[in-house]
Amino acid sequence: MASLGNPTNTIAVLQKYGFHFQKKYGQNFLIDANILENIIAAAEVGREDCVLEIGPGIGTMTQYLCENARKVIAVEIDKKLIPVLEDTLSNYNNCTVINADILEMDITALAKQVNQGNPLKVVANLPYYITTPIIMKLFESHAPVESITIMVQKEVAGRMQAQPSTKDYGALSLAVQYYANPQVKFLVPAGCFMPRPNVDSAVIKLTKYINPPVAVSNEQHLFDIIHAAFNQRRKTLVNSLYNAAGLSIEKAAICYALEKLGLSISVRGEALTLEQFAMLAELI
Ligand code: SAM
């Protein structure tokens, strides 16, 4: 089967299988060979790697991954794409296609089964409607994953690597930066996909930390505080935490903790670094 990273061969495959794009699955297929090569380079995929690809589509990026990796596990939700993938990947014997919803899969068990529990590299052009749940699942499950190189909406990539006191900074920035070092690699214009999406995209690499950069005794408590802080973004941190359902912390305790950290009691959550949130979580 010919290489798919161009419009002509992609259209030929779509026509051969009478395939219709499903909006509900966020199906926008890459048709630019340059971008595909740059993703493989950004992910630093090599012969020793076992790669998990989320959403292979018709197998465009999967072909590039198979050329470069030792093993590729491609998880696709749309069962109509499975016969297409059998065809487009027929030249490769290092690829396994699984018809499943990635959000329902046990990634730790998968890593055990396909890579003896050793870390996987995740590479994906993600369905944008579930970008955040997929990333959070990969992190929060503590599955053996070394890095996540993903195409996401440009604005989402910006939020993941945003720093305090900027408009993009929020709960997603802090969650990602707790687990990984995010690096936007390059931007991808809408014209590189078929069909063309309404937004521009970016490839971001999240290199997972072996240990998070801050130590907390209770991760869940840290994230409850972060979510409460950004739930009412324009309010002071004291009011956001005091009003948060489920936290039940006295105002005096919050003020005391902020003073101990040398922060004003009128500070907003968006001004705090991850380290300050971690210290706050230990105090309240
Ligand atoms: N990798 C292909 C490419 O770059 O051309 C396709 C990328 S397309 C943006 C996203 C793919 O993810 C689609 O094939 C879609 O069917 C699949 N998908 C959507 N939701 C999924 C889920 N929950 N689990 C696994 N795959 C999913």
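The model is predicted: local features need pLDDT of at least 70, side-chain atom pairs count only at pLDDT 80 or more, and totals for chains, interfaces and linings use all residues. Residues are numbered from 1 along each chain as its sequence is written, and side-chain values use heavy atoms, with hydrogens and water left out.

**The whole chain**

Begin by displaying the protein chain as a cartoon; its secondary structure comprises 12 helices and 9 strands. Helices (H or I, at least four residues) and strands (E, at least two) are DSSP runs, numbered from the N terminus. The radius of gyration is 21 Å, close to the 19 Å that the globule rule gives for 284 residues, so the chain is as compact as a globular protein of that length. This radius is taken over C-alpha atoms, and the rule is 2.2 Å times the number of residues to the power 0.38. Along the principal axes, the C-alpha atoms fill a box of roughly 65 × 40 × 30 Å.

Of the 284 residues, 52% count as buried. Buried means under 20% relative accessible area, exposed over 50%, and partly exposed in between (1.4 Å probe, protein chains only).

Next, select Leu52, Leu206 and Leu280, the residues with the most contacts inside the largest nonpolar core, which has 72 residues. Apart from this core lies another, of 36 residues, among them Leu4, Ile58, Leu65 and Leu89. A nonpolar core is a set of buried Ala, Val, Leu, Ile, Met, Phe, Trp, Tyr and Cys residues joined through side-chain atoms within 4.5 Å. In soluble globular proteins, nonpolar side chains tend to be buried together.

**Strand β6**

Move to strand β6 (residues 145-153) and select serine 147. Serine 147 is buried, with a relative accessible area of 4%. Leaving aside neighbours within four places in sequence, its contacts (heavy atoms within 4.5 Å) include Leu120, Val122, Leu206 and Lys208.

Valine 152 is found in strand β6 as well, and is buried at a relative accessible area of 0%. Not counting residues up to four places away in sequence, valine 152 touches Leu126, Tyr128, Thr131, Ala157, Met160, Ser201, Ala202 and Ile204. A distance drawn from valine 152 to asparagine 125, C-alpha to C-alpha, is 7.0 Å, although they are 27 residues apart in sequence.

The buried residues include Thr60, Tyr64, Leu65 and Cys66.

Glycine 59 lies in the loop between β2 (50-54) and α3, and its relative accessible area of 0% makes it buried. Beyond residues up to four places away in sequence, glycine 59 touches Leu4, Leu85, Thr88 and Leu89.

**Backbone points in loops**

Most residues other than glycine have a negative phi, and most peptide bonds are trans. Select methionine 194 and proline 195, which are joined by a cis peptide bond with omega of about -10°. Proline 195 lies in the loop between β8 (193-194) and β9 (201-208).

Then select glutamate 44, in the loop between α2 (33-43) and β2; its phi is positive, about 50°. Glutamate 44 is exposed, with a relative accessible area of 53%.

Finally, select serine 165 in the loop between α7 (154-160) and α8 (171-179). Serine 165 has a positive phi of about 65° and counts as exposed at 55% relative accessibility.
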